[in-house]
Every structure is written in C-alpha cells, then in structure tokens.
Amino acid sequence: MKEPSVAEKQAGVVLHEKSWTDKEIAREAYNFLKEQDAVRFPVDTYELAKNQKFKLKWRDFSSVDPNIVGMILVDDRGKQYRKNGLSDRRIIALSDTLSEAEERFIVGHELGHYYLHGRGRGETLYAFSDKEPLDLSNPEEYQAERFAMDLLLPEGAMRTAVRLYKERWSDRGTYATLKEYICDMFFVPPDKAKQRLDELGLLA
Ligand SMILES: [Zn+2]
C-alpha cells in the first residue's frame with residue numbers, strides 16, 4: 001500500500017484496495033440481513049453480533065477516554081495467538097453510559113467494520129475504536145456509519161413505515177411526530193431517525 005500524499009489525505013482518499021460506495025454499502029447491509037434471516041424490524045443487532053460469534057461487553061471507558069462509545073476487536077488468526085485476558089477472539093465493547101437505542105446502533109456500526117473492513121477484506125486481526133463525535137472524514141468511519149444506517153433503517157422499510165404513518169397514525173395522536181414513530185418502530189436514537197428521514201427526503 002503506497003503512502004498517501006497530503007492532498008490525498010485531506011481529500012479522504014480511501015487507502016485500501018477495496019473501497020465502498022454508498023450504494024454498495026446499502027446492498028451489503030441488506031445482504032447481511034438476508035443472510036442472517038433477520039429482515040424484520042426493529043433489527044436486533046445484538047443477535048446479529050452473537051450470530052457472528054461476537055461477545056458483547058460493557059465497559060467504563062471514562063479513565064481511558066470518556067468519548068469512547070464502542071470498540072470492535074477481532075483476532076481470527078487461530079488459538080495459538082490467544083493470550084491471557086485476550087481469550088475472546090471477537091469482542092464488541094460498549095460504553096456503559098449509553099441508552100439501549102444508542103447501543104444497538106453502535107453495534108450496527110461495529111458490524112459495519114466487521115463486514116466491510118474485516119471479513120470483506122479477508123483481515124484476521126483488526127480493531128476499531130469509536131469516539132463521539134465520529135470522525136466521518138475517515139473513510140472507514142464514514143462507511144461503518146452508513147452500514148449501520150442501512151442495516152437499522154433500510155430505505156425500503158423506511159418508505160413503507162412513513163407511508164403507514166401517514167395513512168394510519170398521524171391523525172390518531174398515537175405518535176406526536178413521525179420521528180417519534182420511526183424511533184419506536186426501528187428502535188433507534190432520535191438523531192439517527194431524524195438524519196435518515198432527512199437524507200431520504202421524508203421529513204415533509
Ligand atoms: Zn467506527
């Protein structure tokens with residue numbers, strides 16, 4: 001892999017052989033759901049992670065860096081590499097300060113790293129550490145975040161949900177806002193629901 005120029009770094013050029021377009025990421029996320037027979041909502045990212053042999057752990061990261069929200073650590077090289085304290089070869093660690101909706105989304109993001117940057121590239125040893133706010137100028141962070149969005153809030157399901165909301169719910173007072181309905185139906189944090197509605201032009 002050649003060292004990128006300063007201009008390339010500033011432009012956020014993807015350095016790996018395989019980069020992912022938004023469209024490809026949406027397709028990969030959907031394939032992942034289909035492969036796991038998990039196309040139902042809300043998507044249970046804990047279950048998806050467990051199916052990929054990940055152990056979920058909750059940690060107090062405040063002494064390391066209070067902005068860390070999650071991490072993924074994978075060592076698929078073989079059991080001879082396991083060391084004391086590192087015996088779990090696939091770990092997703094979550095900050096213990098998050099809401100369940102936030103956790104579920106972050107697990108989706110870590111699965112993005114697994115699917116796009118680990119498994120998809122044949123990597124056997126890698127780790128990503130995620131801080132809030134995410135550095136979306138880093139291509140891998142941007143891609144993992146897109147994967148989470150497409151995994152938890154697929155475009156087709158979002159459009160169907162919005163149609164149902166408009167037909168059935170908006171005049172019944174059950175949900176004050178479309179965003180509230182989307183949060184409830186897909187079990188996602190409000191900022192992610194808003195972002196997805198926004199980018200799909202569904203906020204009208
Ligand atoms: Zn990340």
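## Close-up views of the predicted model

**Figure 1. Helices α6 and α7 cross at roughly 120°.** In this predicted model, the axes of α6 (residues 155-169) and α7 (residues 178-186) come within 11 Å. That crossing angle makes α6 oblique to α7, and the crossing is right-handed. If you want to find the contact yourself, look for A161, V162, Y165 and W169 on the α6 side. Their partners on α7 are L178, Y181, I182 and M185.

**Figure 2. The buried residues of α7 pack against α5, α6 and α8.** Here we stay on α7 and pick out its buried residues: L178, Y181, I182, C183 and F186. Helix α8, one of the elements they pack against, covers residues 190-199. Setting aside neighbours within four places in sequence, I182 is in contact with A161, A193 and L197. Of these, A161 also belongs to the α6 side of the α6 and α7 contact. Just past the end of α7 sits F187, with a positive phi of about 55°.

**Figure 3. The largest nonpolar core has 41 residues.** Good residues to start from are F147, L151, L152 and I182, which have the most contacts inside this core. Helix α4 (residues 100-118) gives the most to the core, with 7 residues. Domain 1 (19-152) and domain 2 (154-204) both contribute residues, so the core lies between them. In general terms, nonpolar side chains tend to be buried together in soluble globular proteins. Across the chain as a whole, 31% of the 204 residues count as buried.

**Figure 4. Helices α4 and α5 pack with their axes 7 Å apart.** The angle between α4 and α5 is about 120°, which makes α4 oblique to α5. This crossing is right-handed. On α4, look for F105, G108, H109, L111, G112, H113, Y115, L116 and H117. On α5, look for E140, Q143, A144, E145, F147, A148, L151 and L152. F147, L151 and L152 are also among the residues with the most contacts inside the largest nonpolar core.

**Figure 5. Two prolines follow cis peptide bonds, F41 to P42 and E132 to P133.** For the bond joining F41 and P42, omega is about 0°. P42 is found in the loop between α2 (22-35) and α3 (45-51). The bond from E132 to P133 has omega near -5°, and P133 lies in the loop between β4 (125-131) and α5 (139-152). For context, most peptide bonds are trans.

Figure 6. Buried or exposed: what is D37? D37 has 8 other C-beta atoms within 10 Å, so D37 is exposed. K53 has 11 C-beta neighbours inside 10 Å and counts as exposed too.

**Figure 7. D22 and D150 are 128 residues apart in sequence but 9.4 Å apart in space.** That spacing runs from C-alpha to C-alpha. D22 has its place in helix α2. With 12 other C-beta atoms within 10 Å, D22 is exposed. Zooming out to contacts in the chain between residues at least 6 apart in sequence, 72% join residues at least 24 apart.

**Figure 8. The chain has 8 helices and 4 strands.** Reading along the sequence, the pattern is α-α-α-β-β-β-α-β-α-α-α-α.

Methods
Residues numbered from 1 in each chain as written. Predicted model: local features only at pLDDT ≥ 70, side-chain atom pairs only at ≥ 80, totals over all residues. Core = buried A, V, L, I, M, F, W, Y, C linked by C-beta atoms within 7 Å. Buried ≥ 20, exposed ≤ 12 C-beta atoms within 10 Å, placed from the backbone. Helix = DSSP H or I, 4+ residues; strand = E, 2+ residues; numbered from the N terminus. Domains from an automatic or database assignment. Contact = placed C-beta atoms within 7 Å. Axes fitted to C-alpha atoms, helices over the stretch in contact; angles between N-to-C directions. Parallel < 35°, antiparallel > 145°, perpendicular 65-115°, else oblique. Left-handed = near helix turned anticlockwise from the far one by under 90°.
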